[in-house]
Structure formats: structure tokens, C-alpha cells
Amino acid sequence: MLFLLQPAHASSPAAWATHRQEVEAACSRASGLIGARLVSRPIEYDDSVGTTVALISGTHPQAHMTGRAGRSLCLYDRRSRTVKVTPADGWP
């Protein structure tokens, strides 16, 4: 029996840095928070899940929130490069 082995390909540090920038930009936009930024190191699920999770912090834009700080949990789909965001104000 003949097995064809494929070499493993690891991402370079530069590729991970680019990915983190993409996640931060997409999640910051989707959060709707003013001055949104990553406040934790993103969690990288393996390729079978294909999702990166990040916590975003910024300021609520609504007038009735009087500039209160807010947080959002962002799920970034690496395959489609789409995001889902939900409020996470109760998280420490």
C-alpha cells in the first residue's frame, strides 16, 4: 500500500499578525463601539471549527448611554471572513 504524505504547513508569525489585524478591524467595525479595540488575545479554534473569538472594548455611541464603556464578544469566521457580534458588557 502506498501512502502519500503531505508536509504540515505552519503559519508564519507574519501571517498570524496579519490575521490578528483583520480580526481586530472586522470586529471593531461590527461592534459599533466608538474607539473599539481588542482587549484580549484572540482565541483561535482549530480549523475544524474555523473561528477566532475576540473581546472588543470601546464606548457606546448612543446618547442615552452617556458615553459608557461597552464590550462585545466577536466571532470571526476565518473561511468566510464574516463576523457575529453580541454585547458582553457584563464580562470583567
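Student: How much space lies in the largest pocket?

Tutor: This is a predicted model, in which local features need pLDDT of at least 70 and side-chain atom pairs count only at pLDDT 80 or more, while totals for chains, interfaces and linings use all residues. Residues are numbered from 1 along each chain as its sequence is written, and side-chain values use heavy atoms, with hydrogens and water left out. A pocket, on a 1 Å grid over the protein atoms alone, is an open set of points where a 1.4 Å probe fits, with protein on both sides within 12 Å along at least five of seven lines, and its volume is the space filled by probe spheres set on the points, which are joined across faces, edges and corners. For the largest pocket that space comes to about 190 Å³.

Student: Which residues do salt bridges join into one network?

Tutor: A salt bridge is a side-chain nitrogen of Lys or Arg within 4 Å of a carboxyl oxygen of Asp or Glu, and the structure holds three of them. Arginine 78 forms one with glutamate 44, with the closest N and O atoms 3.5 Å apart, and another with aspartate 47, where the closest N and O atoms are 3.3 Å apart. Arginine 78 lies in the loop between E4 and E5 and aspartate 47 in the loop between E2 and E3, so this pair ties together parts that are 31 residues apart in sequence. Through shared partners, the network is made of Glu44, Asp47 and Arg78.

Student: Is aspartate 47 buried or exposed?

Tutor: Buried means under 20% relative accessible area and exposed over 50%, with partly exposed in between (1.4 Å probe, protein chains only). Glutamate 44, at a relative accessible area of 31%, is partly exposed. With a relative accessible area of 63%, aspartate 47 is exposed.

Student: How many residues apart are arginine 81 and glutamate 22?

Tutor: Their side chains meet in a salt bridge at 3.7 Å, N to O. This pair links distant parts of the chain, with arginine 81 in the loop between strand E4 (69–77) and strand E5 (82–87) and glutamate 22 in helix H1, and the separation is 59 residues.

Student: What is the phi of arginine 81 near?

Tutor: Arginine 81 is exposed, with a relative accessible area of 57%. Its phi is a positive value in a residue other than glycine, near 55°.

Notes. 1 Å grid on protein atoms, 1.4 Å probe; cavity = no way out; pocket = protein on both sides within 12 Å on 5 of 7 lines; lining within 4 Å. Helix = DSSP H or I, 4+ residues; strand = E, 2+ residues; numbered from the N terminus.
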